[in-house]
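Please study the structure shown below and then work through the exercises. Each task is followed by a solution in steps.

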Amino acid sequence: MRNPDTKLDSRFSDSDAVATRWEETRRVLEHADLFWISTVRADSRPHVTPLVAVWLEDAIHFATGPGEQKAVNLRTNRYVTLTTGCNQWEKGLDVVVEGDAIQVTDENLLKRLAEAWATKWDGRWRYEVHGNAFRHEGGTGAVLVFSVTPTKVLAFAKGTFGQTRHQF
């Protein structure tokens with residue numbers, strides 16, 4: 001991945017804050033157990049739901065059933081926000097990722113992603129690749145896979161509060 005333009009936003013940061021390095025922000029994305037995805041319904045109302053995801057090849061990837069609200073929303077508006085972090089005030093790093101969710105249909109990438117899910121989740125999330133999508137092991141229904149390559153990532157450091165913008 002190309003290195004982002006990284007800047008501390010002093011308007012929203014303590015006077016002694018420093019910009020969070022991209023490597024630290026990326027590490028949070030790689031190791032996060034849970035993300036919250038925000039999509040927009042056809043009638044412009046927001047939809048937010050938790051999901052598991054994996055960071056692979058410089059993008060966040062998530063899976064969803066074709067009838068789930070987030071998949072329905074993505075048919076008319078591909079723009080999403082994914083958030084992760086912790087719910088503590090004095091420590092940790094919260095991360096917000098903005099970008100377009102693009103459906104993954106490439107079989108080779110889907111195979112690498114299925115392996116990434118199994119590895120990250122110690123085998124608890126196992127997918128097979130079938131018909132340009134995932135399906136649960138032994139299942140019959142399609143599970144759509146989407147990739148979000150970040151266009152902008154915000155990192156909110158706590159303790160010494162700092163807001164960093166990583167722009168791609």
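The exercises below concern a predicted model.

**Exercise 1.** Determine which residues of helix α1 are buried and where they lie around the axis.

*Solution.* Step 1: helix α1 spans residues 22–31, and its buried residues are Trp22, Thr25 and Leu29. Step 2: these residues cover an arc of only 70° around the axis, which puts them on the same side of α1.

**Exercise 2.** Classify the ring pair of Trp117 and Phe134 as stacked, tilted or edge-to-face.

*Solution.* Step 1: the ring centres of Trp117 and Phe134 are 5.5 Å apart, and a pair requires centres within 6.5 Å. Step 2: the ring planes stand at 85°, and planes over 60 degrees apart count as edge-to-face. Step 3: the pair of Trp117 and Phe134 is therefore edge-to-face. Step 4: Trp117 belongs to helix α3 and Phe134 to strand β9, 17 residues apart, so that the pair links distant parts of the chain. Step 5: Trp117 has 0% relative accessibility and counts as buried; Phe134, at 0%, also counts as buried.

**Exercise 3.** Decide whether the faces of strand β5 are covered or open, and identify the strands that pair with β5.

*Solution.* Step 1: on one side of β5, Ala59, His61 and Ala63 are buried, and on the other Ile60, Phe62 and Thr64 are buried; both faces are covered. Step 2: strand β4 runs antiparallel to β5 and is joined to it by 4 bridges, with Leu56 opposite Ala59. Step 3: strand β10 also pairs with β5 in the antiparallel sense, over 5 bridges, and Leu144 of β10 is the bridge partner of Thr64.

Conventions
Residues numbered from 1 in each chain as written. Predicted model: local features only at pLDDT ≥ 70, side-chain atom pairs only at ≥ 80, totals over all residues. Heavy atoms only, no water. Buried < 20%, exposed > 50% of the residue type's maximum accessible area, 1.4 Å probe, protein only. Helix = DSSP H or I, 4+ residues; strand = E, 2+ residues; numbered from the N terminus. Arc of directions from axis to C-beta. Phe/Tyr/Trp six-rings, centres within 6.5 Å; stacked < 30°, edge-to-face > 60°. Pairing = 2+ DSSP bridges.
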